[in-house]
Amino acid sequence: MEKFFEELGKRVLGEWKAQNFSLPLFPEIARTALEERPPAQHVDLPRLIREFLLDDQQPRQTQSGFGQPELVVYEDTRLYIQVLFWLEGTTDIHQHEFSGAFHVLAGSSIHSMFTFEDARSISSHLRVGKLRMERTHLLETGSTVPIMSGREYVHSLFHLDTPSATVVVRTQTDPGTGPQFTYLPPHFAIDPIQDDALTMRRKQLLDVLEKTGDSAYPELVGAMIAELDFERGFFILQNSAMVLREMGEWDRIWKVFQKKHGALAEYVPATLNEIARRDAITALRAAVTEVEHRFFLALLLNIPDRVGILDMVAQRFPGEPMESILRWADELIEVSEEGIWLLDSEFPQLPEIDFDDRPQVFLASLRNLLGAGDAPEIGAGQVELLRQAFLRSSWRALMVA
Ligand SMILES: [Fe+2]
(Lines give C-alpha, C1' and ligand atoms only; values in the text may rest on other atoms or scores of the structure.)
Protein backbone atom coordinates (compact mmCIF):
# COMPACT_ATOMS: atom_id res chain seq x y z
CA MET A 1 0.00 0.00 0.00
CA GLU A 2 1.33 3.44 -0.94
CA LYS A 3 2.38 5.15 2.31
CA PHE A 4 1.37 8.61 1.13
CA PHE A 5 -2.27 7.61 0.74
CA GLU A 6 -2.33 5.72 4.01
CA GLU A 7 -1.20 8.87 5.80
CA LEU A 8 -3.67 11.02 3.85
CA GLY A 9 -6.53 8.65 4.64
CA LYS A 10 -5.71 8.50 8.34
CA ARG A 11 -5.40 12.26 8.55
CA VAL A 12 -8.78 12.87 6.85
CA LEU A 13 -10.44 10.19 8.98
CA GLY A 14 -9.03 11.72 12.18
CA GLU A 15 -10.14 15.23 11.31
CA TRP A 16 -13.58 14.06 10.23
CA LYS A 17 -13.99 12.06 13.45
CA ALA A 18 -13.14 15.22 15.43
CA GLN A 19 -16.17 16.79 13.66
CA ASN A 20 -18.38 13.81 14.63
CA PHE A 21 -18.44 12.70 10.96
CA SER A 22 -20.48 15.71 9.91
CA LEU A 23 -21.39 15.26 6.24
CA PRO A 24 -21.50 18.98 5.31
CA LEU A 25 -17.96 19.46 6.70
CA PHE A 26 -16.40 16.53 4.83
CA PRO A 27 -15.70 18.17 1.42
CA GLU A 28 -13.75 20.97 3.09
CA ILE A 29 -11.75 18.54 5.27
CA ALA A 30 -10.86 16.49 2.17
CA ARG A 31 -10.02 19.57 0.11
CA THR A 32 -7.75 21.06 2.79
CA ALA A 33 -5.86 17.80 3.27
CA LEU A 34 -5.29 17.47 -0.50
CA GLU A 35 -4.17 21.08 -0.82
CA GLU A 36 -1.78 20.97 2.12
CA ARG A 37 0.03 17.89 0.84
CA PRO A 38 -0.81 17.77 -2.87
CA PRO A 39 -0.52 14.28 -4.38
CA ALA A 40 0.72 15.90 -7.62
CA GLN A 41 3.85 16.94 -5.71
CA HIS A 42 4.29 13.91 -3.46
CA VAL A 43 3.19 10.87 -5.45
CA ASP A 44 5.54 9.26 -7.95
CA LEU A 45 3.03 7.83 -10.43
CA PRO A 46 5.34 5.25 -12.10
CA ARG A 47 6.33 4.01 -8.63
CA LEU A 48 2.66 3.81 -7.56
CA ILE A 49 1.84 1.77 -10.68
CA ARG A 50 4.77 -0.59 -10.08
CA GLU A 51 3.92 -1.03 -6.42
CA PHE A 52 0.26 -1.78 -7.23
CA LEU A 53 1.28 -4.38 -9.80
CA LEU A 54 3.88 -6.15 -7.65
CA ASP A 55 2.73 -5.83 -4.02
CA ASP A 56 -0.27 -7.97 -2.99
CA GLN A 57 -0.88 -5.92 0.17
CA GLN A 58 -3.53 -3.56 -1.25
CA PRO A 59 -6.80 -2.16 0.08
CA ARG A 60 -9.87 -4.12 -1.01
CA GLN A 61 -10.63 -3.33 -4.68
CA THR A 62 -14.12 -2.74 -6.10
CA GLN A 63 -15.90 -3.98 -9.24
CA SER A 64 -16.60 -0.34 -10.20
CA GLY A 65 -16.68 0.49 -13.89
CA PHE A 66 -15.80 4.12 -13.06
CA GLY A 67 -12.33 5.23 -14.16
CA GLN A 68 -10.13 3.52 -16.72
CA PRO A 69 -9.42 1.94 -14.26
CA GLU A 70 -10.07 2.81 -10.63
CA LEU A 71 -7.45 1.83 -8.04
CA VAL A 72 -8.48 1.95 -4.39
CA VAL A 73 -5.41 3.21 -2.51
CA TYR A 74 -6.93 3.63 0.98
CA GLU A 75 -10.07 2.17 2.45
CA ASP A 76 -12.07 2.56 5.62
CA THR A 77 -15.73 1.78 6.38
CA ARG A 78 -16.58 5.49 6.18
CA LEU A 79 -14.32 6.79 3.41
CA TYR A 80 -11.91 5.71 0.75
CA ILE A 81 -9.33 7.15 -1.60
CA GLN A 82 -9.25 6.19 -5.26
CA VAL A 83 -6.82 6.96 -8.06
CA LEU A 84 -8.70 7.17 -11.35
CA PHE A 85 -6.99 6.88 -14.71
CA TRP A 86 -8.68 8.32 -17.80
CA LEU A 87 -7.89 7.37 -21.38
CA GLU A 88 -10.81 9.15 -23.05
CA GLY A 89 -12.25 12.60 -22.55
CA THR A 90 -15.64 11.61 -21.08
CA THR A 91 -18.36 14.24 -21.27
CA ASP A 92 -21.01 12.87 -18.94
CA ILE A 93 -22.66 15.60 -16.89
CA HIS A 94 -23.55 14.10 -13.52
CA GLN A 95 -24.28 14.47 -9.83
CA HIS A 96 -22.96 12.35 -6.94
CA GLU A 97 -24.24 10.08 -4.22
CA PHE A 98 -21.03 10.73 -2.29
CA SER A 99 -18.99 13.75 -1.25
CA GLY A 100 -15.35 14.70 -0.80
CA ALA A 101 -12.78 16.32 -3.07
CA PHE A 102 -10.79 15.45 -6.17
CA HIS A 103 -7.28 16.41 -7.19
CA VAL A 104 -5.66 16.40 -10.62
CA LEU A 105 -2.65 14.10 -10.24
CA ALA A 106 -1.61 14.09 -13.91
CA GLY A 107 -2.90 15.83 -17.05
CA SER A 108 -5.41 18.67 -17.28
CA SER A 109 -9.18 18.89 -17.62
CA ILE A 110 -12.04 21.15 -18.57
CA HIS A 111 -14.31 21.39 -15.53
CA SER A 112 -17.87 22.69 -15.96
CA MET A 113 -20.58 23.35 -13.37
CA PHE A 114 -24.31 23.31 -14.14
CA THR A 115 -27.72 24.04 -12.64
CA PHE A 116 -30.92 22.19 -13.55
CA GLU A 117 -33.71 24.74 -13.45
CA ASP A 118 -37.51 24.36 -13.38
CA ALA A 119 -36.92 20.67 -12.81
CA ARG A 120 -39.61 18.10 -12.12
CA SER A 121 -39.73 14.34 -11.91
CA ILE A 122 -41.52 12.32 -14.57
CA SER A 123 -40.66 9.07 -12.81
CA SER A 124 -38.13 8.23 -10.10
CA HIS A 125 -35.58 7.61 -12.88
CA LEU A 126 -36.29 10.55 -15.20
CA ARG A 127 -36.49 14.30 -14.64
CA VAL A 128 -37.07 17.18 -17.03
CA GLY A 129 -35.87 20.75 -16.67
CA LYS A 130 -33.44 23.19 -18.19
CA LEU A 131 -29.75 22.46 -17.79
CA ARG A 132 -27.66 25.59 -17.71
CA MET A 133 -23.90 25.84 -17.59
CA GLU A 134 -22.89 28.23 -14.82
CA ARG A 135 -19.14 28.29 -15.33
CA THR A 136 -16.28 26.41 -16.84
CA HIS A 137 -12.53 26.51 -16.27
CA LEU A 138 -9.30 24.69 -17.02
CA LEU A 139 -8.00 22.51 -14.22
CA GLU A 140 -4.24 22.06 -14.41
CA THR A 141 -2.18 19.38 -12.65
CA GLY A 142 -2.27 19.99 -8.89
CA SER A 143 -5.78 21.57 -8.78
CA THR A 144 -8.18 20.44 -6.05
CA VAL A 145 -11.98 20.76 -6.21
CA PRO A 146 -14.59 19.84 -3.54
CA ILE A 147 -17.48 17.48 -4.41
CA MET A 148 -20.92 17.80 -2.82
CA SER A 149 -23.57 15.08 -3.00
CA GLY A 150 -27.08 15.58 -4.37
CA ARG A 151 -28.87 17.66 -6.98
CA GLU A 152 -27.28 21.00 -6.13
CA TYR A 153 -23.86 19.97 -7.45
CA VAL A 154 -23.90 19.00 -11.14
CA HIS A 155 -20.65 18.95 -13.08
CA SER A 156 -18.63 17.43 -15.90
CA LEU A 157 -14.93 16.78 -16.31
CA PHE A 158 -13.35 16.44 -19.70
CA HIS A 159 -9.81 15.09 -19.53
CA LEU A 160 -7.61 16.69 -22.14
CA ASP A 161 -4.48 14.57 -21.83
CA THR A 162 -3.92 10.83 -22.16
CA PRO A 163 -3.63 9.39 -19.66
CA SER A 164 -5.04 11.75 -17.07
CA ALA A 165 -5.16 10.71 -13.43
CA THR A 166 -7.25 12.07 -10.56
CA VAL A 167 -7.22 11.33 -6.83
CA VAL A 168 -10.61 11.28 -5.11
CA VAL A 169 -11.02 11.39 -1.33
CA ARG A 170 -14.63 10.43 -0.81
CA THR A 171 -17.32 9.09 1.50
CA GLN A 172 -18.56 5.57 0.84
CA THR A 173 -22.06 6.87 0.12
CA ASP A 174 -24.36 9.69 1.31
CA PRO A 175 -27.77 8.09 1.92
CA GLY A 176 -30.73 9.92 0.42
CA THR A 177 -28.76 11.84 -2.22
CA GLY A 178 -29.25 9.38 -5.10
CA PRO A 179 -29.86 8.45 -7.78
CA GLN A 180 -26.62 9.70 -9.36
CA PHE A 181 -28.43 11.34 -12.26
CA THR A 182 -26.67 11.75 -15.59
CA TYR A 183 -27.81 14.84 -17.47
CA LEU A 184 -28.66 14.93 -21.16
CA PRO A 185 -28.57 18.59 -22.17
CA PRO A 186 -30.59 20.63 -22.49
CA HIS A 187 -33.60 18.98 -20.84
CA PHE A 188 -33.23 15.55 -19.21
CA ALA A 189 -31.76 13.86 -16.17
CA ILE A 190 -31.69 10.07 -16.24
CA ASP A 191 -30.72 7.46 -13.67
CA PRO A 192 -27.78 5.66 -15.31
CA ILE A 193 -28.06 2.51 -13.22
CA GLN A 194 -31.79 2.00 -13.29
CA ASP A 195 -32.56 -1.57 -13.95
CA ASP A 196 -35.14 -1.53 -16.75
CA ALA A 197 -34.03 -4.80 -18.31
CA LEU A 198 -37.15 -5.08 -20.48
CA THR A 199 -36.41 -1.77 -22.23
CA MET A 200 -32.76 -2.75 -22.69
CA ARG A 201 -33.77 -6.06 -24.31
CA ARG A 202 -36.36 -4.35 -26.51
CA LYS A 203 -33.74 -1.90 -27.77
CA GLN A 204 -31.40 -4.79 -28.50
CA LEU A 205 -34.15 -6.67 -30.32
CA LEU A 206 -34.93 -3.59 -32.42
CA ASP A 207 -31.22 -3.40 -33.27
CA VAL A 208 -31.45 -6.98 -34.57
CA LEU A 209 -34.36 -5.98 -36.83
CA GLU A 210 -32.42 -2.93 -38.02
CA LYS A 211 -29.24 -4.84 -38.78
CA THR A 212 -31.09 -7.56 -40.63
CA GLY A 213 -33.01 -4.99 -42.69
CA ASP A 214 -36.41 -6.14 -41.41
CA SER A 215 -39.08 -4.02 -43.10
CA ALA A 216 -41.34 -4.25 -40.02
CA TYR A 217 -38.95 -1.98 -38.04
CA PRO A 218 -40.68 1.40 -38.43
CA GLU A 219 -44.17 0.00 -38.00
CA LEU A 220 -43.15 -1.80 -34.79
CA VAL A 221 -41.42 1.27 -33.36
CA GLY A 222 -44.53 3.34 -34.16
CA ALA A 223 -46.79 0.83 -32.42
CA MET A 224 -44.50 0.80 -29.36
CA ILE A 225 -44.37 4.60 -29.16
CA ALA A 226 -48.17 4.74 -29.30
CA GLU A 227 -48.38 2.44 -26.26
CA LEU A 228 -45.39 3.19 -24.04
CA ASP A 229 -45.21 5.63 -21.12
CA PHE A 230 -43.03 8.73 -21.53
CA GLU A 231 -39.86 7.29 -19.97
CA ARG A 232 -39.77 4.07 -21.93
CA GLY A 233 -41.00 5.82 -25.07
CA PHE A 234 -38.17 8.35 -24.80
CA PHE A 235 -35.52 5.64 -24.56
CA ILE A 236 -36.95 3.78 -27.57
CA LEU A 237 -37.11 7.03 -29.53
CA GLN A 238 -33.51 7.85 -28.56
CA ASN A 239 -32.36 4.41 -29.66
CA SER A 240 -34.17 4.55 -33.00
CA ALA A 241 -33.91 8.24 -33.96
CA MET A 242 -31.01 7.97 -36.36
CA VAL A 243 -32.31 4.82 -38.08
CA LEU A 244 -35.77 6.34 -38.47
CA ARG A 245 -34.27 9.46 -40.03
CA GLU A 246 -32.30 7.40 -42.52
CA MET A 247 -35.48 5.47 -43.38
CA GLY A 248 -37.44 8.71 -43.86
CA GLU A 249 -39.83 7.58 -41.12
CA TRP A 250 -38.87 10.05 -38.40
CA ASP A 251 -41.59 12.65 -39.00
CA ARG A 252 -44.36 10.06 -38.88
CA ILE A 253 -43.12 8.38 -35.66
CA TRP A 254 -42.41 11.76 -34.05
CA LYS A 255 -46.04 12.78 -34.60
CA VAL A 256 -47.16 9.62 -32.79
CA PHE A 257 -44.98 10.52 -29.79
CA GLN A 258 -46.10 14.14 -29.87
CA LYS A 259 -49.78 13.20 -29.96
CA LYS A 260 -49.38 10.83 -27.02
CA HIS A 261 -47.34 13.12 -24.73
CA GLY A 262 -48.38 16.65 -25.72
CA ALA A 263 -46.35 19.48 -24.14
CA LEU A 264 -43.95 17.06 -22.46
CA ALA A 265 -42.81 15.83 -25.88
CA GLU A 266 -41.42 19.28 -26.68
CA TYR A 267 -38.41 18.65 -24.42
CA VAL A 268 -37.28 15.77 -26.63
CA PRO A 269 -36.10 17.14 -30.05
CA ALA A 270 -33.44 19.52 -28.70
CA THR A 271 -32.08 16.76 -26.46
CA LEU A 272 -31.91 14.19 -29.28
CA ASN A 273 -30.22 16.78 -31.54
CA GLU A 274 -27.64 17.50 -28.85
CA ILE A 275 -26.94 13.78 -28.35
CA ALA A 276 -26.38 13.44 -32.13
CA ARG A 277 -24.14 16.53 -32.20
CA ARG A 278 -21.97 15.26 -29.35
CA ASP A 279 -21.71 11.81 -30.89
CA ALA A 280 -20.54 13.37 -34.19
CA ILE A 281 -17.90 15.60 -32.55
CA THR A 282 -16.71 12.73 -30.33
CA ALA A 283 -16.28 10.54 -33.42
CA LEU A 284 -14.38 13.33 -35.20
CA ARG A 285 -12.16 13.83 -32.18
CA ALA A 286 -11.31 10.14 -32.10
CA ALA A 287 -10.02 10.46 -35.67
CA VAL A 288 -8.01 13.66 -35.13
CA THR A 289 -4.45 13.52 -33.79
CA GLU A 290 -3.26 17.15 -33.90
CA VAL A 291 -3.20 18.42 -30.27
CA GLU A 292 -4.63 21.88 -31.04
CA HIS A 293 -7.49 20.40 -33.07
CA ARG A 294 -8.28 17.92 -30.29
CA PHE A 295 -8.39 20.78 -27.81
CA PHE A 296 -10.74 22.78 -30.05
CA LEU A 297 -13.09 19.80 -30.47
CA ALA A 298 -13.06 19.32 -26.68
CA LEU A 299 -14.20 22.94 -26.32
CA LEU A 300 -17.03 22.42 -28.83
CA LEU A 301 -18.15 19.38 -26.83
CA ASN A 302 -18.08 21.11 -23.48
CA ILE A 303 -18.69 24.82 -23.82
CA PRO A 304 -21.96 26.07 -25.25
CA ASP A 305 -21.14 29.74 -25.86
CA ARG A 306 -18.79 31.99 -27.82
CA VAL A 307 -17.37 33.91 -24.87
CA GLY A 308 -16.50 30.73 -22.99
CA ILE A 309 -14.81 29.09 -25.98
CA LEU A 310 -12.78 32.21 -26.87
CA ASP A 311 -11.73 32.57 -23.25
CA MET A 312 -10.44 28.97 -23.10
CA VAL A 313 -8.52 29.35 -26.39
CA ALA A 314 -6.95 32.56 -25.05
CA GLN A 315 -5.84 30.73 -21.88
CA ARG A 316 -3.99 28.06 -23.85
CA PHE A 317 -2.70 29.83 -26.95
CA PRO A 318 -1.04 33.20 -27.53
CA GLY A 319 -2.54 35.75 -29.93
CA GLU A 320 -6.09 36.56 -30.94
CA PRO A 321 -8.24 33.48 -30.10
CA MET A 322 -10.55 33.94 -33.11
CA GLU A 323 -7.54 33.84 -35.42
CA SER A 324 -6.47 30.50 -33.91
CA ILE A 325 -9.99 29.13 -34.48
CA LEU A 326 -10.06 30.31 -38.10
CA ARG A 327 -6.63 28.77 -38.70
CA TRP A 328 -7.92 25.47 -37.29
CA ALA A 329 -10.96 25.72 -39.60
CA ASP A 330 -8.55 26.15 -42.53
CA GLU A 331 -6.65 23.06 -41.44
CA LEU A 332 -9.72 20.98 -40.67
CA ILE A 333 -11.72 21.49 -43.87
CA GLU A 334 -12.41 18.16 -45.59
CA VAL A 335 -12.92 18.16 -49.35
CA SER A 336 -13.89 14.91 -51.06
CA GLU A 337 -16.24 13.63 -53.73
CA GLU A 338 -18.87 13.03 -51.06
CA GLY A 339 -18.91 16.67 -50.07
CA ILE A 340 -17.15 19.48 -48.28
CA TRP A 341 -17.20 19.46 -44.51
CA LEU A 342 -16.11 21.85 -41.79
CA LEU A 343 -16.43 19.50 -38.81
CA ASP A 344 -20.16 18.67 -38.57
CA SER A 345 -21.23 21.34 -41.06
CA GLU A 346 -21.70 20.26 -44.68
CA PHE A 347 -21.47 22.63 -47.64
CA PRO A 348 -25.10 23.00 -48.86
CA GLN A 349 -26.50 22.30 -52.33
CA LEU A 350 -25.21 25.29 -54.30
CA PRO A 351 -24.60 23.99 -57.85
CA GLU A 352 -24.12 27.54 -59.16
CA ILE A 353 -20.86 27.88 -57.21
CA ASP A 354 -17.91 26.33 -59.02
CA PHE A 355 -16.63 23.21 -57.23
CA ASP A 356 -13.10 24.57 -56.94
CA ASP A 357 -14.35 27.79 -55.32
CA ARG A 358 -16.50 26.08 -52.72
CA PRO A 359 -13.88 25.54 -49.96
CA GLN A 360 -12.90 29.23 -50.04
CA VAL A 361 -16.55 30.35 -50.10
CA PHE A 362 -17.29 28.01 -47.19
CA LEU A 363 -14.38 29.37 -45.13
CA ALA A 364 -15.20 33.00 -46.01
CA SER A 365 -18.80 32.43 -44.97
CA LEU A 366 -17.64 30.99 -41.64
CA ARG A 367 -15.28 33.91 -41.09
CA ASN A 368 -18.17 36.31 -41.69
CA LEU A 369 -20.59 34.45 -39.40
CA LEU A 370 -17.98 34.42 -36.64
CA GLY A 371 -17.74 38.20 -36.94
CA ALA A 372 -14.24 38.27 -38.41
CA GLY A 373 -14.74 39.22 -42.08
CA ASP A 374 -17.07 40.26 -44.88
CA ALA A 375 -19.63 37.89 -46.42
CA PRO A 376 -18.42 36.16 -49.60
CA GLU A 377 -19.53 37.88 -52.82
CA ILE A 378 -22.39 35.57 -53.68
CA GLY A 379 -26.17 35.95 -53.78
CA ALA A 380 -28.19 36.68 -50.64
CA GLY A 381 -30.02 33.35 -50.96
CA GLN A 382 -26.72 31.50 -51.09
CA VAL A 383 -25.39 33.38 -48.06
CA GLU A 384 -28.53 32.33 -46.19
CA LEU A 385 -28.14 28.64 -47.14
CA LEU A 386 -24.57 28.69 -45.85
CA ARG A 387 -25.71 30.37 -42.64
CA GLN A 388 -28.31 27.63 -42.15
CA ALA A 389 -25.64 24.95 -42.66
CA PHE A 390 -23.51 26.46 -39.88
CA LEU A 391 -26.54 27.01 -37.62
CA ARG A 392 -27.27 23.27 -37.70
CA SER A 393 -23.71 22.47 -36.60
CA SER A 394 -21.37 22.90 -33.64
CA TRP A 395 -20.19 26.20 -35.15
CA ARG A 396 -23.50 27.69 -33.97
CA ALA A 397 -22.01 28.26 -30.49
CA LEU A 398 -19.39 30.60 -31.98
CA MET A 399 -21.62 32.55 -34.39
CA VAL A 400 -22.32 36.22 -33.80
CA ALA A 401 -26.01 36.66 -33.00
FE1 LIG B 1 -17.95 13.85 -10.70
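Donors are taken here as N, O and S atoms within 2.8 Å of the metal (3.2 Å for Na, K and Ca), and because water is not among the atoms, sites may look incomplete. Along the chain, the donors of the iron ion follow the spacing H-x1-H-x58-H. H94 lies in strand β3 (residues 93–96) and H155 in strand β8 (residues 150–159), so this pair ties together parts that are 61 residues apart in sequence. The protein donors are H94, H96 and H155, each through its NE2 atom, lying 2.1 Å from the iron ion. Strands (E, at least two residues) and helices (H or I, at least four) are DSSP runs, numbered from the N terminus.

A residue is called buried under 20% relative accessible area, exposed over 50%, and partly exposed in between, with a 1.4 Å probe and protein chains only. By that scale H94 is buried, with a relative accessible area of 18%, and H155 is buried as well, at 2%.

## Basis of the model

This is a predicted model, in which local features need pLDDT of at least 70 and side-chain atom pairs count only at pLDDT 80 or more, whereas totals for chains, interfaces and linings use all residues. Residues are numbered from 1 along each chain as its sequence is written, and side-chain values use heavy atoms, with hydrogens and water left out.

## Salt bridges between helices

Side chains of opposite charge can pair when their charged atoms come close. With a salt bridge defined as a side-chain nitrogen of Lys or Arg within 4 Å of a carboxyl oxygen of Asp or Glu, the structure holds 19 salt bridges. One of them joins E36 to R11, with the closest N and O atoms 2.9 Å apart. This pair links distant parts of the chain, since E36 belongs to helix α2 (residues 26–36) and R11 to helix α1 (residues 3–18), 25 residues apart. E36 is exposed at 52% relative accessibility, while R11, at 27%, is partly exposed.

A salt bridge also forms between the side chains of E292 and R327, at 3.2 Å from N to O. Here too distant parts of the chain are linked, with E292 in helix α10 (residues 291–302) and R327 in helix α12 (residues 321–332), 35 residues apart.

## Pairing within a helix, and a network

R327, partly exposed at 37% relative accessibility, also forms a salt bridge with E331, the closest N and O atoms being 3.4 Å apart. Both R327 and E331 lie in helix α12, four residues apart, which is about one turn of the helix. E331 is partly exposed, at 42% relative accessibility. Elsewhere, a network of salt bridges links K3, E7 and R37.
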